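User: I would like to learn how to read a protein model. Please take me through it one feature at a time.

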Amino acid sequence: MGGNSVRTAIRLQDVRKSFGRTEAVSGVDLEIRDGEFFSMLGPSGSGKTTVLRMIAGFEAPTGGAIELAGQDVTRLAPFERDVHTVFQDYALFPHMTLEQNVAYPLKIRKVPKAERLARAHKALAEVRLEGYGDRRPAQLSGGQRQRVALARALVGRPRVLLLDEPLGALDLKLREQMQVELKALQREVGITFVFVTHDQEEALTMSDRIAVFNQGRIEQVGTPAEIYERPATPFVASFVGTSNLLTGESAQRIVGAAGTYSIRPEKIRVLKEPAGEEGTAADAGGDAQPEHATATGTVTEVIYLGDATRFLVDLDDGGRLTALQQNLETTSEDVAAYRGTRVRLRWHHRHAVQVPD
């Protein structure tokens with residue numbers, strides 16, 4: 001999209017929220033584009049859910065302004081905003097059929113019965129539940145109930161769909177399946193999705209852009225690749241995925257410059273270092289090249305993950321690095337033999353990313 005064609009769905013300007021003496025949100029500025037899948041990521045208590053509730057109208061900001069499609073909605077009630085919220089507990093009516101549940105928002109808006117049932121049927125089809133309209137929520141699995149909640153949220157075609165940890169109650173396999181389905185559904189309907197999660201992998205998997213929250217503030221906004229590959233702060237580097245942070249004398253000796261540097265574990269190769277030699281592991285393709293940095297150390301722990309192995313290495317130059325290596329041809333017995341051995345770690349210079357302090 002060209003710079004002039006991108007419309008803003010949501011704009012927050014210096015938004016603050018205090019509960020008594022506790023400031024939950026501290027001067028948040030944010031723009032969310034029309035039609036994007038935007039995630040607000042952060043640990044518990046970071047302010048992300050409070051921001052979502054202020055966008056929805058369930059909480060009034062202590063200060064600042066909230067706009068939806070250019071309209072100031074800061075003091076409007078939830079029903080006066082063109083948004084819909086999906087919660088983790090689904091909030092379905094147990095005595096109603098699925099079709100009635102989905103049609104309910106249209107009934108409140110006095111949409112004629114024939115039209116609202118037709119739209120409910122279409123919404124159920126969009127979430128792959130066609131033919132389920134006569135069932136009740138108790139007859140469904142957790143994943144199916146989540147789809148019904150989405151259909152009910154989408155039936156009125158709101159400008160913005162707000163999702164508050166909607167997959168948190170699902171087991172891992174179903175959650176991963178729903179991540180893919182939810183992103184595909186968002187692409188299909190073209191509505192702006194604002195997704196709150198504490199799960200880094202979930203945010204990276206689904207989002208067009210991510211805002212990383214910490215202690216009531218936004219630390220960084222960017223695409224998943226920008227957040228992961230070029231973290232703007234030490235908090236982002238450590239919270240989003242697993243990262244190694246080299247600082248102080250270790251950074252000076254290993255990277256060759258002062259400062260704080262982030263190196264992702266999967267960027268590091270583990271080379272066995274035979275006694276008296278310079279380290280020439282068969283899987284590494286020879287000695288380090290000029291564009292590569294190396295560090296030697298001892299493997300203190302080996303964590304076998306099935307598809308990969310995590311190595312914890314105490315460096316001779318101080319500090320510890322974690323390396324992640326795919327198990328292309330190795331088993332748990334093979335990698336366990338690394339524990340206590342001397343190794344040489346190798347990575348490309350460009351993968352040591354300086355993080356502003």
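**Reading the model**

Analyst: Start with one residue. This is a predicted model, and in it lysine 267 is partly exposed, because its relative accessible area is 23%.

User: Which residue does lysine 267 meet in a salt bridge?

Analyst: First the general idea: side chains of opposite charge can pair when their charged atoms come close. Here the partner is glutamate 229, with 3.6 Å from N to O. Glutamate 229 is also partly exposed, at 31% relative accessibility.

User: Where do glutamate 229 and lysine 267 lie?

Analyst: Glutamate 229 belongs to helix α7 (residues 224–229), while lysine 267 sits in the loop between β12 (260–263) and β13 (269–272).

User: How many salt bridges are found in the whole structure?

Analyst: The search gives 21. One of them joins arginine 320 and aspartate 314, whose closest N and O atoms are 2.8 Å apart. Arginine 320 counts as partly exposed because its relative accessibility is 44%. Aspartate 314, with a relative accessible area of 30%, is partly exposed. Salt bridges can also share partners, and in this way Arg11, Glu31 and Glu67 are joined into one network.

User: Are glutamate 202 and arginine 175 buried or exposed?

Analyst: Both are buried. They form a salt bridge too, with 3.9 Å between the closest N and O atoms. This pair links distant parts of the chain: glutamate 202 is in helix α6 (residues 200–206), arginine 175 is in helix α5 (residues 172–189), and 27 residues separate them.

User: How should I read a helix such as α5?

Analyst: Begin with a general point: an α-helix has 3.6 residues a turn, so residues three or four places apart point the same way. Now the case. α5 has 18 residues and reaches 26 Å from its first C-alpha to its last, close to the 26 Å expected. Its buried residues include Arg175, Met178, Gln179, Leu182, Leu185 and Val189.

User: What covers the buried residues of α5?

Analyst: The cover includes the strands β3 (37–41), β7 (160–164) and β8 (192–197), along with the helices α3 (113–126), α4 and α6.

User: How do I describe two helices that pack against each other?

Analyst: Give the distance, the angle and the residues in contact. The axes of helix α2 (residues 98–108) and helix α4 (residues 142–154) come within 7 Å and cross at roughly 30°. The crossing is right-handed. From α2, the contact uses Leu98, Asn101, Val102 and Pro105; from α4, it uses Val148, Ala151 and Arg152. Sorted by class, five of these residues are nonpolar, one is polar and one is charged.

User: Which residues is threonine 85 in contact with, leaving aside its neighbours within four places in sequence?

Analyst: They are Ala56, Phe58 and Leu162. Threonine 85 is part of strand β6 (residues 83–86). Its relative accessibility is 14%, so threonine 85 counts as buried, the cut-off being under 20%. Aspartate 164 is 79 residues away in sequence, yet the C-alpha atoms of threonine 85 and aspartate 164 are 7.4 Å apart.

User: What can be said of the chain as a whole?

Analyst: Its secondary structure comes to 10 helices and 18 strands. The C-alpha trace spans about 85 × 45 × 45 Å along its principal axes. Of the 357 residues, 48% are buried. Among contacts between residues at least 6 apart in sequence, 64% join residues at least 24 apart.

Terms used
Residues are numbered from 1 along each chain as its sequence is written. This is a predicted model: local features need pLDDT of at least 70, side-chain atom pairs count only at pLDDT 80 or more; totals for chains, interfaces and linings use all residues. Side-chain values use heavy atoms; hydrogens and water are left out. A salt bridge is a side-chain nitrogen of Lys or Arg within 4 Å of a carboxyl oxygen of Asp or Glu. Helices (H or I, at least four residues) and strands (E, at least two) are DSSP runs, numbered from the N terminus. Buried means under 20% relative accessible area, exposed over 50%, partly exposed in between (1.4 Å probe, protein chains only). Axes are lines fitted to C-alpha atoms, for helices over the stretch in contact, and angles run from 0 to 180 degrees between N-to-C directions. A crossing is left-handed if the near helix is turned anticlockwise from the far one by less than a right angle, and right-handed if clockwise. Contact means heavy atoms within 4.5 Å. Ala, Val, Leu, Ile, Met, Phe, Trp, Tyr, Cys and Pro count as nonpolar, Asp, Glu, Lys and Arg as charged, and the others, Gly among them, as polar. The expected span of a helix is 1.5 Å times one less than its number of residues.
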